[in-house]
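Hi,

Here is the structure I said I would send over.

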Amino acid sequence: MECVFGLVGNGFSILVADTSAVHSILVHKSNEDKIMVLDSHKLIAASGESGDRVQFTEFIQKNVSLYQFRNGIPLTTAAAANFTRGELATALRKSPYMVNILMAGFDKETGPSLYYLDYIATLHKVDKAAFGYGSYFALSMMDRHFRSGMSVEEAIDLVDKCIIEIRSRLVVAPQNFVIKIVDKDGAREHAWRETVKETTAPPSA
Amino acid sequence: MARYDRAITVFSPDGHLFQVEYALEAVRKGNAAVGVRGTDTIVLGVEKKSTAKLQDSRSVRKIVNLDNHIALACAGLKADARVLINKARIECQSHRLTVEDPVTVEYITRYIAGLQQKYTQSGGVRPFGLSTLIVGFDPYTGVPSLYQTDPSGTFSAWKANATGRNSNSMREFLEKNYKETSGRETLKLTIRALLEVVESGGKNIEVAVMTKEHGLRQLEEAEIDAIVAEIEEEKVAAEAAKKGPSKET
């Protein structure tokens, strides 16, 4: 039921993920942020086993930081993606990480990029990608409407189209989505698309 | 005495570990390094022995980052420094991974000192031939700290300290002239201490400033030259002031 998708635009990359943390029929929370900021100009969105998801992405994040301290310059997005794929591949024949990953980044020399990594250590550099049941709808919408070099407004418009499809056609659709963007100014949260707000206050009598 | 200095694990009859003391000698021969703690700034300064003409001086960085909020300068065997710094950087990230918290300055100092001590109590190895000056801000309280470790594995916190060549002269200077400073004053105090033992000029010293907001910032040669010029002027003015009144009377 987890949906993660992303696309590359004109000088930026966008990642969208649902924010539900589910255990069988129970929704633990509906504001779980599954898109981690890997470093100043990289985002990593992961879906899959919740334990593996957090452990693996944090492990990758700390190793990316270590590289930066050791060498004085940050890893490129391609290098980070290949490193991540290497870790997935090494663990695959012992005790695999059950996580699917989309990595988006912006490099000064090569611009924005998006990488697709699945749990059996596949690595592809792509313009648009999606994971989960929502991928059936998101990919179809992106195949129809995606153009290379879209502006932020056009890309967000396409993202909203995908979210509408997922919400209306998926039987157990996630309630909320988070949208994060990475461009020359860095990686940051862009917006949320919520249908249900997590509140701590009890309903008024 | 010669019989008790071969192996590190052998005490001499009068209670010395000679290998550790010889390691301290190696430190005393290393380049001068000084650190000063201010209220909101910590400054590290290191003597740069004249770089060869054909050498790219940018590849010889003596003040390094261990994490966003921790920096280290050292005196002694630089190759040993690389090993310690690498292990410390890994520990900084490992700490963040396991407890989701950045290290405190004391924690990473204790870790580095612990490593140095381990090598004074193992067979077949020699101690690390360097003393380190570790500076940083506590990630939550923002309190600045300066620590020093040495080859024996001892560590302690300081308001200002020096190590390496002529460290005694620098420490004497600091003891005489230390007061609570902040910002540019801390920077000037550090450079003045270094200038006691180093030929003046931006070419011969490497200085880095650490603040809570901006982390570690290495100063450009031009900036260092400007401050050195300021210090020289102040010295001249002080000399003139001393001589001036007596001339008038």
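A:V37 has A:L43 as its bridge partner, the latter sitting in β6(A). Keep in mind that this is a predicted model. The two strands behind that pair, β5(A) and β6(A) (residues 42-48), run antiparallel and share 4 bridges.

They belong to an open sheet of 5 strands in chain A, ordered β5-β6-β7-β8-β9 with antiparallel pairing. At its edges are β5 (35-39) and β9 (123-126) of chain A; each has a single partner strand, so one side of each has no neighbour in the sheet. From one strand to the next, the twist averages 25 degrees.

Two helices of chain A pack on this sheet. Helix α1 (residues 50-71) touches β5, β6 and β7 (99-107), and its direction makes about 15 degrees with that of β5(A). Helix α2 (residues 77-92) touches β6, β7, β8 (111-117) and β9, and its direction makes about 160 degrees with that of β7(A).

Now for the other sheet I looked at. This one is also open, with 5 strands of chain A in the order β10-β1-β2-β11-β12 and antiparallel pairing. Here β10 (128-131) and β12 (186-193) of chain A take the edge positions with a single partner strand each, so one side of each is left without a neighbour in the sheet. Direction ignored, neighbouring strands are turned by 15 degrees against each other on average.

Within that sheet, β1 (residues 4-8) and β2 (residues 12-18) of chain A run antiparallel and are joined by 5 bridges. One residue pair to look up there is A:V8 with its bridge partner A:S13 in β2(A). Helix α3 (residues 134-145) of chain A packs on the sheet by touching β1 and β10, and its direction makes about 165 degrees with that of β10(A).

And what about the contact between the chains? Chain A puts in 7 residues and chain B 11 residues. About 870 Å² is buried between chain A and chain B, with carbon and sulfur atoms giving 62% of that area. On the chain A side, A:K62, A:F69 and A:R70 lose the most area to chain B, together 68% of what that side buries. The residues of chain A that touch chain B divide into 3 nonpolar, 1 polar and 3 charged. How many salt bridges are there between chain A and chain B? The count is 0. Polar contacts do turn up, with 2 residue pairs between chain A and chain B, both at pLDDT 80 or more.

Cheers

Conventions: Residues are numbered from 1 along each chain as its sequence is written. Chains are lettered from A and ligands numbered from 1 in the order in which they are written. This is a predicted model: local features need pLDDT of at least 70, side-chain atom pairs count only at pLDDT 80 or more; totals for chains, interfaces and linings use all residues. Side-chain values use heavy atoms; hydrogens and water are left out. Contact means heavy atoms within 4.5 Å. Buried area is the accessible area (1.4 Å probe) that two parts lose on being put together, summed over both. A salt bridge is a side-chain nitrogen of Lys or Arg within 4 Å of a carboxyl oxygen of Asp or Glu. A polar contact is a pair of N or O atoms within 3.5 Å; within protein, one must be able to donate a hydrogen and the other to accept it, and residues adjacent in sequence count only if both atoms are side-chain atoms. Ala, Val, Leu, Ile, Met, Phe, Trp, Tyr, Cys and Pro count as nonpolar, Asp, Glu, Lys and Arg as charged, and the others, Gly among them, as polar. Two strands pair if DSSP finds at least two bridges between them. Axes are lines fitted to C-alpha atoms, for helices over the stretch in contact, and angles run from 0 to 180 degrees between N-to-C directions.
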